[in-house]
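Work through the exercises below with the structure in view. Try each task before you read its solution.

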Amino acid sequence: MDSSLLIDDAVSVAPKPNLKRPCCSISPDSSRILSSKSNPNPLDALLESFLELSDSSAVALDLSLDRILESRHYDSDQNDVIDRALRLGSALTEAANRSARRRASVHNAFVWALPLDLTIKFCMNTVYLQVFAMLDTQSVCHAAATCSFFHKCAADPLCYSNIDLTTVVPKINNMVVSTMIQRAGKDLRSLKLGVVPCPDAASLGSSQPLVYSIRNSSDTSGFSWNDKRSRQGKESFILSRSCLAPLIADGGALGSLLRRLHLYNIDRMDNTAFGAAVSACPSLLDLEIVGLHVELRQTLESVSRSCPLIERLYFESSKTGRDDSLKLPTCNDLVTNCPSLSSLSLRGFKLHDIKVRTLVKGFRKLKYVDFSTSYSITGDFLRNLGGNAGANLLEVLILRDCMHLREAEVSRLLSAMLAGRFVYLKHLDISNREGLASDNDWSRRSFTPSFMSLGELLDERPNLCVLADFPTEGSFVEEPMTSSGVNSESDSLTSSHTSDDPLVFTSSSESSYNSDQSHPIHEESSDEVDYL
C-alpha cells in the first residue's frame, strides 16, 4: 500500500476534536490480535497498517506528507492538514500511554506481593515518612491522632529517633517514655526528659538556673499546685528512677546507639539508676544533667567508664555550692578516658582550683568552659595556661557569679591574654552579682574593678567579647531564691573595641544570691514531690 495514500486516508478519517473517542468493550486478553477479517472496522485496519511500518519509514512519511501538502492549493487547506496530522499523532501517543499503564497495573497485581492500594501509594508514603521524621515528638503524636493514614506513618521508628518529652510542668510518666523508646527501637539517637521551667535560661552568658522547684505556687500553664495535689490517686505525671529502664533492657540494645541524653529535674533519679542507664549508652556524645539528685563524683565516674566518645558534658547541681564530692583521681580518670571532650559545664558545684586545673589542662580539645555559680574557684587554675601548658584551644570561658573569684586573678588572666596566650578566646564572662573577691579576704568585695590591661587588650583583639556586669556597692538585698523568684539576668555589658569607649562597666541593682552558706537550704519532703 502506498504510504501517501495511508497518510491521506488517515487525515480524512481522523475523528474531529469534539467527538468522543470510541470505547471498546472487548477484554484486553481477546483484543491482542485484531485483523480486518475478525473486525471490519476500517480504523483498526488503518492503524495496523501504520504499526507495520518500520522505523526507517520516517523519510517516506516526510515525503508523503509533502506531496499531500502540495496537492492542496490554498494555504488554509495546507495548515489544516498539518494540524490534523499533529492531533492524530498526539491522540495515538496518549492511547499508547494509557494502554501501557493498564498493562503495568495488571502486571503489578500478579508480581507484587503487596496489596494494590499500597503499591499505588508507596512513593507517597515514602515522602510522608520523611516529613514525619523531621517533626518533634509532640507534633508526631498530634498528627497520628488525625487519621488512620497518618497513624500508620507515625508508627515508623524514624519518627521517634529524636525524642523530646521536656515540659514546663510535669506531664510525662514512665509509661509514656517507655512507649516512645520502644517505638524508636534501634533508631533512637536523642532522648530529652524532664521539666524545664525556663527553656531560654541556658543561653550564653546567663547564670539563671534550670533547676525546678516544686514550691512554685503556680506555673506557666495556669495549673496551680493545689490542682495537682487534688489529682492524687487518679493519674501520675511524675518520672521515677526507672524512667530510663528501657535503655537497659535486652542487654542495652536500645541505648547502644544513643548519641544525646538530656535529663532535667527528675527528682527521684539517684546515683544507681543513673549509672546503670549511662552504662547502656557507650556511643553517647552529648550529656546534659540538670537538677538531678546525683553526686558529681559518681556521675563523672560513670561517664568515664561508659562514655569514651563524649564531646559535651553539661551538669548543673540541684544543691548549689554543697556538692564537694569531686576527687582528684576522678578528674584524672575522666581526662584519660574521655579525650574527645570539647565542651565542659559544671555549674553550682564546690570546685577547687587544683581539680579544675586538672580538667581544663587535661582536655586537649576543650573549647567551651562554664563554671558559673561554682564555689571555691578563685581563678588560680588559669595561671600558666593558654599555651603549651593546656587550654590553648579555649574559645569560651564563663566564670559568672563564682563567689570566690578574685580580682587579682582576673587581672592576671587579662595580662596573660595580652602577652599572647588564649589566642582563640572569643568570649569571657566575669560578671558577678556580688562583685569580685579581694586577695586576702573573699568577704571583701570589689564592685568597681579596674583592669589596667583591658583597654590595651581590646585594642589588640577587637573580636574579643568581655562581659563584666557588677552591682553598685550596697544596692543588693539578700532574699531567698526560688525558681519562680529568679528574674531574667539584667543586660550584661558587652565589652568590645571602639575608638571612643574601650570599656564601660555598668552597674545593676539586681538582687544577690545568698553568699552566706549559713542560711539553711530547705529540702523538699518526699510527699511534697509526689504530685500527680
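**Exercise 1: A loop alanine**

Ala253 has a relative accessible area of 24%, so it is partly exposed (buried is under 20%, exposed over 50%, partly exposed in between, with a 1.4 Å probe and protein chains only). This is a predicted model, where local features need pLDDT of at least 70, side-chain atom pairs count only at pLDDT 80 or more, and totals for chains, interfaces and linings use all residues. Residues are numbered from 1 along each chain as its sequence is written, and side-chain values use heavy atoms, with hydrogens and water left out.

Task: Find where Ala253 lies and which residues Ala253 touches, not counting residues up to four places away in sequence.

Solution: 
- Step 1. Ala253 sits in the loop between helix H10 (245-252) and strand S3 (260-264). Helices (H or I, at least four residues) and strands (E, at least two) are DSSP runs, numbered from the N terminus.
- Step 2. Beyond four places in sequence, Ala253 touches Lys186 and Leu247. Contact means heavy atoms within 4.5 Å.
- Step 3. Ala280 is 27 residues from Ala253 along the chain, and their C-alpha atoms are 7.9 Å apart.

**Exercise 2: Two packed helices**

Task: Describe how H12 and H13 pack.

Solution: 
- Step 1. Helix H12 (residues 296-306) and helix H13 (residues 328-337) meet at an angle of about 25°, and their axes are 9 Å apart. Axes are lines fitted to C-alpha atoms, for helices over the stretch in contact, and angles run from 0 to 180 degrees between N-to-C directions.
- Step 2. H12 and H13 are therefore roughly parallel (angles under 35 degrees).
- Step 3. H12 contributes Arg297, Leu300, Glu301, Val303 and Ser304 to the contact, and H13 contributes Thr330, Asp333, Leu334 and Asn337.

Methods
Angles under 35 degrees count as roughly parallel, over 145 as roughly antiparallel, 65 to 115 as roughly perpendicular and the rest as oblique.
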